[in-house]
Structures are given as C-alpha cells and as structure tokens.
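Please read each point against the structure itself.

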Amino acid sequence: MKNLQIIEEYKNRFFNYSGISLNDQFHFFHVSKDMSEENEKNNGSQAGILRYDDISRQHILTLYPSNIHFESYTPGKTVIHMASLEWNKRNATLSIYKFDCTTMKEMKVFTHSLIDNLAEDIETSSLWRIELYSLDDNYILIKLPDLDPFSKQKNYGFSECLLIDIENKKAHIVPPYLNEQDSLLNISHIERYTYLQNDFLIISTGRVSMKNKRESWEQREHQVYNTLNHQTRLIVPLNEFIDIVKQKTDFGCKYIVDECNFSKGYMNTVFFEGTVYFLKIDFSTSSSEIIQYELSTRKKQSLNFTLEFEKIMISEKRIIGVTSGSKDIQKKLYFLNTHSLSYDLEVDHSLEFFSSDLIITRYTDNYGIQHITFYNPKTNKIIKELKGERVALCIVKSKEDQLQFLVHIEQI
C-alpha cells in the first residue's frame, strides 16, 4: 500500500495523533514516556511531540521540559498547549506553555495562581485533576477541580471553568449554568470543527462511560433520577462562545442540540460536509437514533432505527451503522441510507475505516496482541495485516481528500 507508512521506533511508548497536520506533509503525535521505566508520581506521563514528515519519512521527537504535568485534551490549529504546577507550600502556580508546530519551539504563555488548603500534602491535592481544552491557538478552557473531596455529587467534582485569553493575558470565569439537569462543569469532551471558515465547538457533557451508564440504568431503572448520568450535546460557534463568557451571561438552553437522561446514551459523533451526526441508543428498547444538525441552518432532524448500533461513520456520502453484536451473534454493517445489509464483522473486531475499496478492522487476540487488518471488500482478500503489542493507527485526509494511513507499531 503506497499510502501506508509505518513507524517502528520508540519502544514501550504510546502514540496518539494530536489532530494537527501541516501542509499535507507534517503530522504531529503525542508520545508517552517509556512505560517500562518508573516515573515519579504527578510528573506527567507524556515525553513530548513527534513530527512525522510524510515525504522524507523522517521523524523528530521534541522532548517536553521535565516539569510538564498536563496536556490539552484537544489541539489548537497549529499549537499544542500543555501546563505545569509549581508549588510553594500551599500555593500553586499553573504555568501554561504552547508548542508551536510551525517552528517546533515551546514557550511559556500564561500563569495562574491557585491555593489548596484542604489537601494533606501536595501529592494528594485535587489540583492534579486540572483539565485543559484548547479552543484554538489563543483560547484555552481550563477546568479547576473542587478542592473538597466530598463535593463530587453536587458539581461533578469541579468548581469552575476558566477561559484563558493568551494574547491579552486574561482569565474569564465561564458561566456554567445550562439548565436544572446539567452544567458546563460536567464537560467530558470538546471538539472544534471548521466549516466555511467558521469555527464551531461541539461540547459534550456527561462524565460517564457507556458501559457504566448502561449498568447504572439496569440497577436504577425504577429508582430516583440520577443527574450524574445526564448527558447534553451543544454546538456553539467559537466566536459566540467567547462573547458570552466575556459578557458574563449564561449559555442556557440556546445551544443545546440534544440531551438524554439515564435511560439513553451517546455512542459517537461524526462531522461531514457541514452536518454533525450524534448516535444515541436507548437501553430499554435496544434501538438507535441518529441526530443530524446542519451548522449553516441550525436545523435538526432525527433518524430512528430498531437496531442498536455501536458506531456510525460516513464514507462516500453513505451513512454506515455497525450493530453491537453479542457473544453468539456477529456484528453487521448496514448502509443506513438504503437500509441494506453490507458486511458481517466478527464480534470482537472493531471497524476503523470503510470504503468501497478498503476496509480496516482491529482486534486483540487471546494473548493480548493487537491486529490491524486491511482488506479489499470487492475481492474479500487481505491486503495487509499488522500486529504487535501496541498498534496506533492514524488516518489523515489531505486538502485534496487523499487518505494517508500512519501506523506506530511495537513488534512482538
């Protein structure tokens, strides 16, 4: 495969695509420290940023300063943000750095002072649970944990969100209120999509896994409503998000696209040609709903299915649904536009990519070895199979919609 490139160096390290690629040539990855070595507690698990050159197939690892403890969960456009905590007795200084992917240099860009008078010692401080989300290269959302360990049931374990304006060196408190059931303190994930040169934030709340939420529903089906299992999906233009925060007004319900209680849950989100798709399943009926939201018109519509899907994806303008499967039943791939059955998939396999010419699946065998298989759906023949103790697959699309498959593999 000409568009498949493999990185085999950096043993005992985890690779994670940052989400940043430049000029259809350079791709940037988070690289962990050597997992076989003992690292100090609260000293961070990430080693630095790797730049991979698609043309020369060379790679450069830039190491972080030794005091980096946090990385942003989301990328900027050309910048990756990270942070450190520096202590003086009970006083802490949160220092935010940026790694500029265009220059391959990092620099300190913001500091914020904090105090923890409740922790027994520095190592057990709740401040080690700080979360960073890059909204773009200049704005960062920071979630500050509540220092009271008994407050989790009231505010999801966090006390406030701050919007950091790096250029103007200011921190703004984010109004958390959405409605009686949910709050921005409950943020679990943020994604930024660009459409027609406008940036949109897709904000997810609900800090609970689907497995735990389903188990909670089974155990509490006839009990009192549990607000910790409430989930909300919001879509907010980035410039409007910034204006609302700076004007100190509540977000309220205006930007809520969908929400669900303890009996339903969201599986995944897909963005395609200006439309955002949310997959939601109903535990009580084992059915699925796909919510479609058009960014330009802000119109929402729903598609309902009697099958329970574990994932949806869009390929060649077709919506593909993968059924959940069970111990004795194979997973099935459906073209949802035509309600037609496409392919069967082994129950322990996950679908990573689908097109009319290529299918990529992943599974872990009984010995813990990870397998990624590329095969041709027309001939049903395997094109290539990769396996190793750890295999990280990155799929990058160029401006001309050409696909590049980058794999970091630790051989057996």
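1. Strand 20 is mostly covered, since 7 of its 8 residues are buried. The coordinates come from a predicted model, and every value in this note should be read with that in mind.

2. On one side, strand 20 pairs with strand 19 (residues 275–282) in the antiparallel sense over 8 bridges, and within this pairing Ile 281 stands opposite Ser 288 of strand 20. The two strands form a hairpin with 4 residues between them, and in the turn Ser 286 has a positive phi of about 55°.

3. Strand 20 and strand 21 run antiparallel and are joined by 6 bridges, with Tyr 293 standing opposite Lys 300 in strand 21. This second hairpin has 5 residues between the strands, and Arg 298 takes its positive phi, near 60°, there.

4. Met 104 is found in the loop between strand 8 (91–100) and strand 9 (105–115).

5. Are Met 104 and Arg 298 buried or partly exposed? Met 104 has a relative accessible area of 16%, which is under the 20% cut-off, and therefore counts as buried. Arg 298, at 40% relative accessibility, falls between the 20% and 50% limits and so counts as partly exposed.

6. Turning to the aromatic side chains, the count of ring pairs comes to 17. One of these joins Phe 335 and Phe 354, whose ring centres are 5.8 Å apart and whose planes stand at 70°, so that the pair is edge-to-face. Because Phe 335 lies in strand 24 (residues 331–335) and Phe 354 in strand 26 (residues 350–354), the pair ties together parts that are 19 residues apart in sequence. Both Phe 335 and Phe 354 are buried.

7. The ring of Phe 335 has a further contact to inspect, as the charged end of Arg 318 sits over this ring, 4.1 Å from its centre. A contact of this kind is also found at Phe 158, where the charged end of Arg 129 sits over the ring at 5.4 Å from its centre.

8. Finally, ring pairs link Tyr 10, Phe 15, Tyr 17 and Phe 29 into a cluster.

Note on methods. Residues numbered from 1 in each chain as written. Predicted model: local features only at pLDDT ≥ 70, side-chain atom pairs only at ≥ 80, totals over all residues. Heavy atoms only, no water. Buried < 20%, exposed > 50% of the residue type's maximum accessible area, 1.4 Å probe, protein only. Phe/Tyr/Trp six-rings, centres within 6.5 Å; stacked < 30°, edge-to-face > 60°. Lys NZ or Arg CZ within 6 Å of the ring centre and 35° of its normal. Pairing = 2+ DSSP bridges.
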